[in-house]
Amino acid sequence: MDTRAGAAEVGCRPEITKVPPGEPLGTCDPPDPRGMWPDITSLLSPLATGFARKTFISYSVTFGDSFRQGEVVGIDPARQRVLLSDGEELHYSHLILATGSDGPFPGKFNQVIDMESAIQTYEDMVKEIEKSERILVVGGGAAGVEMAAEIKTEYPAKEVTLIHSKVVLADVELLHSVRQEAKEILLRKGVRLLLGERVSDVESLTPNRFQKDTVVRTEKGTEVVVDMVVLCTGIKINSSAYAAAFGDRLASNSALKVNKHLQLEGYENIYAIGDCADLKEPKMAYHAGLHANVAVTNIINSLTHKPLKTYKPGKVICFPVGTAVKCAHIGTVTVGQVNGYYVGRLLVTIAKSRDLFVSKSWKTMGQTMPS
Ligand SMILES: Cc1cc2nc3c(=O)[nH]c(=O)nc-3n(C[C@H](O)[C@H](O)[C@H](O)COP(=O)(O)OP(=O)(O)OC[C@H]3O[C@@H](n4cnc5c(N)ncnc54)[C@H](O)[C@@H]3O)c2cc1C
């Protein structure tokens, strides 16, 4: 079985080739088929047949013997050891924690199955979406906004409704003008928005399946009749690997507190990057890649007695609100902000593209993307 890599791990790859000779390298992932840009691509995978296959990149092909597939269940910083679920212990001189976050499928893929079955899961969802005339997306954070926009972009004739418990869409770290623009784009695309409404009894819904005439009710009594429900709620930081070891260094969302060099507070040889680092910026693959660059550069600099690099959070934020999958990388509609200032849609349309991310990641991992 092969695995897919997290965004931060892919970002580390070009940098670790610069580590001085003689320094052993290792990367560790759980025995599941999750992958490179899992969240970005996972929203497109259920929309277009054949796309999911492009989102799985073999880790072992890239890293060879430096890759160890396994689940980290604990860390012993005093002995500089990482503990795996099968009982094995791995020694480290430097440790980068990039355990990311988890949530419901299709935004995240958290099943432990082989790669072909994982691809099939996405392909099955494409069929369910194709059968459904009316689709409800629950949750209007970044994932829900994207999901609703992607479905409506790919299938303009379908009736798409987005229910969000708050009045304003998307991440709180984004400028109000960016969040407002995202809302306007959704409305222009024809997505029906029910804001300030919470779905009652979400647990009783069967998501990602065609179920004609499903009645969904909100706590305010609004009823929506749909053929399919997609949940985009409850993304949580994966902290199981480190929570016991670093419980006193966790932010309220279980992310790890880091200094300006991305070192875990109180440790010079442990770094936290990607979604599991507590930084004042939206959780984005783009940022995870920047963190990876800083962390690996700092490991090299610390070994070669050079000053450490500083990370400045959240300078550029692109927020996608709909991609035309079939149009390669020119179909993305994105809003964004640079250094805290709102930038118009056109500027960032060029900067952000799923297809571009995917092909770039294959290149970064030193492999050829399947056609
Ligand atoms: C629906 C959705 C859409 C998104 N769209 C965009 C977008 O368009 N642009 C953008 O820039 N960002 C986007 N993001 C955010 C982006 O995907 C994340 O910020 C990014 O994936 C974080 O990378 P990461 O490497 O920190 O974590 P992840 O990508 O979550 O990877 C973490 C890895 O660590 C592994 N792991 C976890 N625990 C353990 C353990 N105990 N032992 C071993 N391995 C472990 C996981 O299996 C996984 O492979 C989106 C997110 C979502 C949910």
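Gly74 stands opposite Leu83 in strand 4. The structure is a predicted model, in which local features need pLDDT of at least 70 and side-chain atom pairs count only at pLDDT 80 or more, while totals for chains, interfaces and linings use all residues. Residues are numbered from 1 along each chain as its sequence is written, and side-chain values use heavy atoms, with hydrogens and water left out.

Strand 4 (residues 81–84) pairs with strand 3 in the antiparallel sense over 4 bridges; two strands pair if DSSP finds at least two bridges between them. Helices (H or I, at least four residues) and strands (E, at least two) are DSSP runs, numbered from the N terminus. An open sheet of 3 strands, in the order 3-4-5, is formed with antiparallel pairing. Strand 3 (72–76) and strand 5 (89–91) stand at the edges with a single partner strand each, so one side of each is left without a neighbour in the sheet.

Helix 7 (residues 176–189) comprises 14 residues and reaches 20 Å from its first C-alpha to its last, close to the 20 Å expected at 1.5 Å a residue, where the expected span is 1.5 Å times one less than the number of residues. Val178, Arg179, Glu181, Ala182, Ile185 and Leu186 are buried in this helix. Seen down the axis of helix 7, the buried residues fall within an arc of 160°, so they line one face of the helix; the arc is that of the directions from the helix axis to the C-beta atoms. The face turned away from the buried side carries the exposed residues His176 and Arg188. Buried means under 20% relative accessible area, exposed over 50%, and partly exposed in between (1.4 Å probe, protein chains only). Helix 7 is followed by Gly190, whose phi is positive, near 100°.

Rings of Phe, Tyr and Trp (its six-membered ring) pair if their centres lie within 6.5 Å; planes under 30 degrees apart count as stacked, over 60 as edge-to-face and the rest as tilted. By this rule the count comes to 4 aromatic pairs. The rings of Tyr59 and Phe67 have centres 4.7 Å apart and planes at 70°, so this pair is edge-to-face. Both Tyr59 and Phe67 are buried. Phe246 and Tyr267 form an edge-to-face aromatic pair, at 5.2 Å centre to centre and 70° between the planes. Phe246 counts as buried at 0% relative accessibility, whereas Tyr267 is partly exposed, with a relative accessible area of 22%.
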